Amino acid sequence: MDRKYLFDEIVLNYEKSRPCYSPQLLEDIISYANLAENQSAIEIGCGTGKATEPFLKTNCKITAIELGKNMASYTREKFRNYTNFEIVEVPFEDYVCAENQFDLLYSATAFHWIEPEIGYRKAYRIIKSGGTLALFWNRPSVNDRDNPLHQKIQSIYHKFLPQWDEKAKVDRAAQQKRIRNQITEYGFTDLAFHLYPNTRTMTGEEYVELLNTYSDHRALNDRIRVPFYHAVRTVIEEYGNELEIEDTQDLYLAHKP
């Protein structure tokens, strides 16, 4: 199974464990796009609607794209009282609509699942001239070298998943530069980039539930995943059952000329 479909198996867990987005981040998108009642927006990969409701509250027309049947069903029911909302159960790559249709295209921690050559080109085609592209991601980090618990968790990763050691060395600055370059490469202008910090405190059980919403973790064989989760939960409980996670939410805004 393609890993991007694994989220459809854990809808309630995803809704419970994934963080919400900074209210300021969402307000900044709405302000940048000058989103109003007579406009339309498309959300790519809405999941359980973690970022959807503030846009619905502007009274603009929202079309949400979600490839997971269970995710789509959950989110359709969640926002059933909004008459300005529709959800289309289809991969963005297969979604058919007119060109120059939307005033805003936004995507919350989902656009990386689409090949850039396809995703950015299609986004450019369906956004109106003068319209807005808004891409944002939540980037959790528990790799604090000065925090003994974080380092204990990293040692558990190394024990069970040594092939993932390189994942702990992600160069965030290079990652951000790559996305900025992609946005401008495909024709968008007036690029703005913002960071929004957030701190969460989780128990061992809560953190394992969060890990279980990550596609690479869900794709693990049970022979590795089960003892790995047990080891992570146990070490957090041994350290007072509190793990502090420093999130960073990255927002990229641009206009279609």
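I looked up the helix packing to begin with, and H8 passes H10 in a right-handed crossing (the near helix is turned clockwise from the far one by less than a right angle). The model is predicted, so I kept in mind that local features need pLDDT of at least 70 and side-chain atom pairs pLDDT 80 or more, while totals for chains, interfaces and linings use all residues. Residues are numbered from 1 along each chain as its sequence is written, and side-chain values use heavy atoms, without hydrogens and water.

**Helices H8 and H10**

I noted that the axes of H8 (residues 204-211) and H10 (residues 222-238) come within 8 Å and cross at roughly 145°. Axes here are lines fitted to C-alpha atoms, for helices over the stretch in contact, with angles from 0 to 180 degrees between N-to-C directions. Helices (H or I, at least four residues) and strands (E, at least two) are DSSP runs, numbered from the N terminus.

I listed the contact (heavy atoms within 4.5 Å): H8 gives Gly204, Glu205, Tyr207, Val208 and Leu211, and H10 gives Phe228, Tyr229, Val232, Arg233 and Ile236. By class, the contact has seven nonpolar residues, one polar and two charged.

**The sheet**

I traced seven strands in an open sheet of mixed pairing, in the order S3-S2-S1-S4-S5-S7-S6. Two strands count as paired if DSSP finds at least two bridges between them. Strands S3 (85-88) and S6 (189-202) stand at the edges with a single partner strand each, so one side of each has no neighbour in the sheet. The twist averages 15° from one strand to the next.

**Strand S4**

I checked burial (under 20% relative accessible area, 1.4 Å probe, protein chains only). Seven of the seven residues of S4 (residues 102-108) are buried, so the strand is largely enclosed by the rest of the structure.

S4 pairs with S1 (residues 40-44) in the parallel sense over three bridges, and Ile42 stands opposite Leu105 in S4. Six bridges join S4 to S5 (residues 127-141), also parallel; Ala108 has Phe136 of S5 as its bridge partner.

I followed the chain from S4 through helix H5 (residues 116-126) to S5, a right-handed β-α-β crossover (clockwise from the first strand over the helix to the second, with the strands pointing away from the viewer). H5 lies across S1, S4 and S5, at about 140° to S5.

**Phe55**

I found Phe55 in helix H3 (residues 53-56), buried with a relative accessible area of 0%. Beyond neighbours within four places in sequence, its contacts include Leu26, Ile29, Leu35, Leu104 and Tyr106. Leu35 is 20 residues from Phe55 in sequence and 8.2 Å away, C-alpha to C-alpha.

Technical notes
Nonpolar A, V, L, I, M, F, W, Y, C, P; charged D, E, K, R; others polar. Buried < 20%, exposed > 50% of the residue type's maximum accessible area, 1.4 Å probe, protein only.
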